[in-house]
Amino acid sequence: MTGVDLNADLGEGFGVWHLTEDDALLEIVSSANVACGFHAGDPSVLRRVTAAAAARGVTVGAQVAYRDLAGFGRRFMDVAPAELVDDVLYQIGALNAFARAAGTRVAYVKPHGALYNAIVHHAEQAAAVVEAVRLFDPSLPVLGLPGSEWLRQAEAAGLRPVREAFADRAYTPSGTLVSRREPGAVIHDPDEVVRRCVRMATEGVVVAADGSEVKVSPESICLHGDTPGAVEIGRRVRAALVEAGVSVRSFG
């Protein structure tokens, strides 16, 4: 692999509450997953982040979620498929309005939190998110876990699936993410995060929680903006990738 995308979840604030260091992370990443107001973000946050991304030439993606501000989108919700189609379509459209005002556009879609994990296996909800993207713009790429129901259905519907890996999340032997409710689900050692990212980008593998190797072959690597020290970790990851001969560029 000669190049890989670095993405981060941005715009995860609401009113006076701010979680991510958006401006600093936009100097590091090549793609920005911008919260669309359902798990985080409000109109002013969305506009500010999309404008900042456009000014830096960072690709803007819609990070769609369950309607769950209180739970930060990390609680599974048994949403009827038709309602989920409308929720996702609404979120993409809202972010795209601010992207257009900033002279750019929504260029991909990535589900957030519990929705992301649910549609690894939940066929009905995966189909609903696929349908929402298809209705908005069937040319949009979509990010997800390799081997997921979400990416399988997206590809079958003619969407472009983009394989994603996570810099600081522990993996199960089957290639899914260890639940955040489990100990060790998030990796906090910056040195380990850097080593993992380089190996994922150069060898296409990551070591799972049990020590086995999982094939990931990512086109994009996610840096979590809400991780303590996220900016410094991101800088180190980018520098290590470049030193290893991997260019950082948007998959779009």
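These legends accompany an overview and a set of close-up views of a predicted model.

**Figure 1. Overview of the fold, with eight helices and 12 strands.** Let us start with the whole chain before zooming in. The C-alpha trace spans about 40 × 40 × 35 Å along its principal axes. Among contacts with a separation of 6 or more, 71% are accounted for by residues 24 or more positions apart. The protein exposes about 10500 Å², and carbon and sulfur atoms supply 52% of that area.

**Figure 2. Arg169, a buried arginine that has no salt bridge.** Look for this residue in the loop between β8 (160–166) and α7 (190–203). The nearest side chain of opposite charge belongs to Asp168, 5.8 Å away. What the side chain of Arg169 does have is a polar atom 3.2 Å from the backbone oxygen of Ala185. Leaving aside neighbours within four places in sequence, Arg169 is in contact with residues including Leu177, Val178, Ser179 and Arg180. Also among the contacts of Arg169 are Val186, Ile187, Arg196 and His224.

**Figure 3. Thr20 and its side-chain partner Asp22.** Thr20 sits in the loop between β3 (17–18) and α1 (22–26). With a relative accessibility of 10%, Thr20 counts as buried. The side chains of Thr20 and Asp22 are joined by a polar contact of 2.6 Å. Not counting residues up to four places away in sequence, Thr20 touches Asp9, Leu10, Gly11 and Glu12, and also Gly225 and Asp226.

**Figure 4. The salt bridge between Glu27 and Arg56.** This pair is one of the 14 salt bridges that the structure holds. The N to O distance between the two side chains is 2.8 Å. Glu27 belongs to the loop between α1 and β4 (31–35), while Arg56 is in helix α2 (residues 43–56), so the bridge ties together parts that are 29 residues apart in sequence. Glu27 is exposed, with a relative accessible area of 54%, whereas Arg56 is partly exposed at 34%.

**Figure 5. The salt bridge between Asp68 and Arg75.** Here the N to O distance is 2.4 Å. Asp68 counts as buried, at 4% relative accessibility, while Arg75 counts as partly exposed, at 44%.

**Figure 6. Lys110 and Glu164, joined by a salt bridge.** The closest N and O atoms of this pair are 2.7 Å apart. Lys110 comes from strand β6 (residues 106–111) and Glu164 from strand β8, so to speak two distant parts of the chain, 54 residues apart. Lys110 counts as buried at 2% relative accessibility, and Glu164 is buried too, with a relative accessible area of 0%. Asp9 joins the picture as well: Asp9, Lys110 and Glu164 are linked in a network of salt bridges.

**Figure 7. Leu89 in helix α3 (residues 81–101).** Leu89 is partly exposed, with a relative accessible area of 29%. Setting aside neighbours within four places in sequence, Leu89 is in contact with Ala132, Leu135 and Phe136. Ala126 gives a further reference point for this view: the C-alpha atoms of Leu89 and Ala126 are separated by 14 Å, and the two residues are 37 residues apart along the chain.

**Figure 8. Phe72 and Ser217, with a positive phi in each residue.** Phe72 is not a glycine, yet its phi is about 55°. The place of Phe72 is the loop between β5 (59–64) and α3. Phe72 is buried, with a relative accessible area of 13%. Ser217, also not a glycine, has a phi of about 40°. You will find Ser217 in the loop between β10 (213–215) and β11 (220–223). Ser217 is buried, with a relative accessible area of 18%.

Terms used. Residues are numbered from 1 along each chain as its sequence is written. This is a predicted model: local features need pLDDT of at least 70, side-chain atom pairs count only at pLDDT 80 or more; totals for chains, interfaces and linings use all residues. Side-chain values use heavy atoms; hydrogens and water are left out. Helices (H or I, at least four residues) and strands (E, at least two) are DSSP runs, numbered from the N terminus. Buried means under 20% relative accessible area, exposed over 50%, partly exposed in between (1.4 Å probe, protein chains only). Lys and Arg count as positive and Asp and Glu as negative; His and the chain ends are not counted. A salt bridge is a side-chain nitrogen of Lys or Arg within 4 Å of a carboxyl oxygen of Asp or Glu. A polar contact is a pair of N or O atoms within 3.5 Å; within protein, one must be able to donate a hydrogen and the other to accept it, and residues adjacent in sequence count only if both atoms are side-chain atoms. Contact means heavy atoms within 4.5 Å. Accessible areas come from the Shrake-Rupley method with a 1.4 Å probe; for residues, only the protein chains shown count as cover.
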